[in-house]
Amino acid sequence: MKRILVCGSGGFIGGHLTKKLKEEGHWVRGIDLKNNDFNNDHSDEFVLGDLRNPKTCLEVSEGIHEVYQLAADMGGAGYLFSGKNDADVMHNSALVNINILNSARIKKINRIFYSSSACVYPEFNQEDPSNPICSEHTVYPSQPDSEYGWEKLFSERLYHSFSRNYDIEVRIARFHNIFGEMGTWTGGKEKAPAAICRKVAEADEDSSIEIWGDGNQTRSFLHIDECIEGVYRLMNSECQVPVNIGSDELISINDFARMVIQISGKTLKLKHIDGPLGVRGRNSDNRLIKSQLGWAPNLSLGIGVEKVYQWVNKQVQINKLS
Ligand code: NAD
């Protein structure tokens with residue numbers, strides 16, 4: 001049994017991860033600025049605290065063998081690509097990463113997982129929606145399309161530096177659009193899959209739902225269960241390079257919306273409006289993770305979407321009653 005710290009356990013991925021770590025028999029301390037929105041934090045000890053504060057980081061690192069660092073100032077396209085939150089996103093997330101690494105050094109914690117993002121990949125390789133290039137080695141020369149991506153890239157380098165100079169084992173995943181039950185589905189920080197499920201669930205029969213842009217932009221979406229499996233396997237592997245954790249099932253936003261509409265059984269049209277978009281295409285290249293871990297995600301998108309639509313639909317119905 002290890003004593004593990006999960007930073008961001010009040011969030012979507014962090015909450016699910018605490019459950020996995022408990023199932024694997026570990027003792028878990030969680031920390032977050034807020035309680036988990038869906039009561040999905042399974043940690044043995046939960047600290048309501050701010051990781052931008054170095055003292056808090058030192059305190060929660062006491063007696064810990066391993067850290068999973070998922071805390072970040074983060075949201076969907078509406079939050080990250082509007083430009084309105086850039087200073088906060090960079091300042092808050094960078095401080096968390098600096099503080100956590102310094103605490104790990106002082107407390108002699110020897111292994112840390114860091115959640116990076118596909119947003120580190122250069123914009124110029126993601127202009128063709130049918131053939132985006134997101135192989136790990138293409139990250140340099142860099143040109144992420146958002147400040148969020150630049151902060152992730154800076155922090156990847158920070159983790160590597162601490163690894164090199166202070167002998168801390170570091171594992172880094174670049175997540176590609178993780179979606180699932182108990183994720184943010186409303187309020188402005190939700191990402192495309194949850195937002196589309198919500199719009200469909202809220203729509204009246206024979207009406208339409210709004211899609212940002214022309215909807216021909218492509219993405220891949222990974223269900224949370226496979227994300228957690230990948231994170232745990234990566235952390236317990238010897239892989240020292242950043243790897244993609246994502247699905248390689250590319251789909252346009254229009255087709256994704258049509259998939260959700262079909263699951264809902266409704267007849268709905270798509271109405272395209274202006275909105276923050278991000279790159280034209282993005283897909284996970286899973287060759288490296290396969291070669292490093294002998295494993296890669298393989299759940300088909302439809303199965304995950306079915307589960308998540310049902311869950312979001314339930315939230316919408318509960319919300320209507322309250
Ligand atoms: P989330 O927003 O649900 O979780 C992040 C949590 O970090 C939140 O609960 C937030 O309150 C907490 N946090 C932020 N600042 C903090 C601070 N100063 N002190 C303590 N807690 C703080 O996001 P998520 O989807 O669970 O993402 C987890 C990680 O994975 C993040 O680092 C994110 O950037 C990364 N990531 C996620 C995706 C995705 O598709 N969900 C994609 C790429 C990368």
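Buried area is the accessible area (1.4 Å probe) that two parts lose on being put together, summed over both.

First, some ground rules. The model is predicted, so to speak of local features takes pLDDT of at least 70, side-chain atom pairs count only at pLDDT 80 or more, and totals for chains, interfaces and linings use all residues. Residues are numbered from 1 along each chain as its sequence is written, and side-chain values use heavy atoms, with hydrogens and water left out.

The bounds below come from an automatic or database domain assignment.

| Domain | Residues |
|---|---|
| domain 1 | 3–178 + 221–245 |
| domain 2 | 181–220 + 250–281 + 300–321 |

Taken over C-alpha atoms, the centres of domain 1 and domain 2 are 26 Å apart. Still, 27 residues of domain 1 are in contact with 30 residues of domain 2 (contact means heavy atoms within 4.5 Å).

How much area do domain 1 and domain 2 bury between them? It's about 2300 Å², with 64% of it on carbon and sulfur atoms. On the domain 1 side, Phe-38, Pro-129 and Phe-221 lose the most area to domain 2, together 33% of what that side buries.

The rule finds two salt bridges across the interface of domain 1 and domain 2, where a salt bridge is a side-chain nitrogen of Lys or Arg within 4 Å of a carboxyl oxygen of Asp or Glu. Elsewhere in the list of pairs, the side chains of Asp-225 and Lys-307 meet in a salt bridge at 3.6 Å, N to O.
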